[in-house]
Amino acid sequence: MAGRFAPRPTRTTVRGGHVALPADASGGVPRQAVAPGRTRTWTPPWPVDLGLVLGPLRRGPGDPTFRATPDGAVWRTSRTPAGAGTLRVSARGGVVRGEAWGPGSEWLLEQLPEMLGSADDPDAFEPRHRLVAIARHRRPGLRLMRTGLVLESLIPSVLEQKVTTDEAYRAWRLLVRKFGEPAPGPAPERMSVMPAPRTWALIPSWEWHRAGVDNKRASTILRAVRVAGRLEEAVGMEPGAAQARLELVSGIGPWTSAETVQRSHGAADSVTVGDLHLPGIVGYALAGDRDADDSVMLSLLEPYAGQRHRAARLILLSGRTPARRVPRMPRGDIGRL
């Protein structure tokens, strides 16, 4: 059966792709009539692709903190330094419109340009392979976002350690819906704001178990939220220094810290090492080596020093991935034990 079917999207291939946003159908789904929130319009001097830029923030199709709606908009919830907030982003005619609700609304609107890649510099990237050059040409709207928030990317990254994508997405969905708070404003149904650090710390052990989270990952999250303030300070650091600070927490290694700063900092060079799939995908795309390990991957990405994460993302977007040779990793559920 090996090779007969296209490989199912993995954690890395989903992240390399983008969220498919429905065509603008503003007349199809009526907006809820509630008090208006804060608004901001912004005209970036480059083509805007909301699904491509914001796609890495979505943790599965049922993510309660992220939603793409039939009117072509993207909704996000965040726990900002000013409090919980909901953000709706839409783009039409090259103009981006942001609407936000809740205590964190002003912070979210201030962060909007950086979240859509204004701090990124794609012109610093020079393709060294034909495949990468073609992928870049086909995705002119690719920008690396910077959320300015560490914990909201760190916790789901910890949940993704050493398990299948489905297991990690399910755990994130269950925990946020049960212990988070309802999204402020007219957010789509069942959207929630992730729990505050103290709430994470008070989740009973049996609730982690029911969500399928083993003690090792749960303990890592508990250690992280106890120093949440210090970790959020890492936003003001260079990505390398930020990763070093995150890795001071036991249970957070290079894989998790890279996954975090790619989103929180827009780190163009923080390539993910220790991933089950990424080395083989990069090796196959650039050298025909589907058995490449981290050392081979880093060697192949060396010509892109300073932009290795962007190069890896373009390789994932190219769609050139090796055919599956082994059975899919079985999904576990410790919550049934």
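Of the contacts in the protein with a separation of 6 or more, 71% join residues 24 or more positions apart; a contact means heavy atoms within 4.5 Å. This is a predicted model, in which local features need pLDDT of at least 70, side-chain atom pairs count only at pLDDT 80 or more, and totals for chains, interfaces and linings use all residues. Residues are numbered from 1 along each chain as its sequence is written, and side-chain values use heavy atoms, with hydrogens and water left out.

Start with confidence. pLDDT is the predictor's confidence in each residue, from 0 to 100. Its mean over the protein is 91, and 87% of the residues reach 70 or more. Residues 1-10 fall below 50; this stretch has 14 contacts in the model beyond near neighbours in sequence. Residues 25-33 also stay under 50. For them the model has 13 contacts beyond four places in sequence. Where pLDDT is low, the predicted coordinates should not be read in detail.

Now the overall make-up. The protein has 15 helices and 7 strands. Both are DSSP runs, numbered from the N terminus: helices are H or I with at least four residues, strands are E with at least two. Of the 337 residues, 52% are buried. Buried means under 20% relative accessible area, exposed means over 50%, and partly exposed lies in between (1.4 Å probe, protein chains only). The accessible surface comes to about 15400 Å², by the Shrake-Rupley method with a 1.4 Å probe. Carbon and sulfur atoms hold 52% of that surface.

Next, the sheet. Five strands form an open sheet in the order β1-β5-β4-β3-β2, with antiparallel pairing. Two strands pair if DSSP finds at least two bridges between them. Neighbouring strands are turned by 20 degrees against each other on average, direction ignored. Strands β4 (residues 83-92) and β5 (residues 95-101) pair in the antiparallel sense over 7 bridges. Within β5, R97 is the bridge partner of S90.

Turn to the packing. The largest nonpolar core has 31 residues. Such a core is a set of buried Ala, Val, Leu, Ile, Met, Phe, Trp, Tyr and Cys residues joined through side-chain atoms within 4.5 Å. W200 and W208 have the most contacts inside it. At least two core residues come from each of α5 (151-159), α6 (165-179), α9 (215-226), α10 (228-232) and α11 (239-246). Leaving aside neighbours within four places in sequence, W208 is in contact with L175, W200, I203, V213, A218, I221 and L222. Helix α5 is mostly covered, with 9 of its 9 residues buried. Among them are E152, S153 and S157.

Q111 lies in helix α3 (residues 105-115). Its relative accessible area is 14%, so Q111 counts as buried. Not counting residues up to four places away in sequence, Q111 touches R146, T147 and G148.

Helix α4 (residues 130-138) contains H137 and A135. H137 is exposed because its relative accessible area is 67%. A135 is buried because its relative accessibility is 6%. A135 and I315 are 180 residues apart in sequence and 7.2 Å apart in space, C-alpha to C-alpha. A135 also touches L314 and S318, not counting residues up to four places away in sequence.

Definitions and conventions. Axes are lines fitted to C-alpha atoms, for helices over the stretch in contact, and angles run from 0 to 180 degrees between N-to-C directions.
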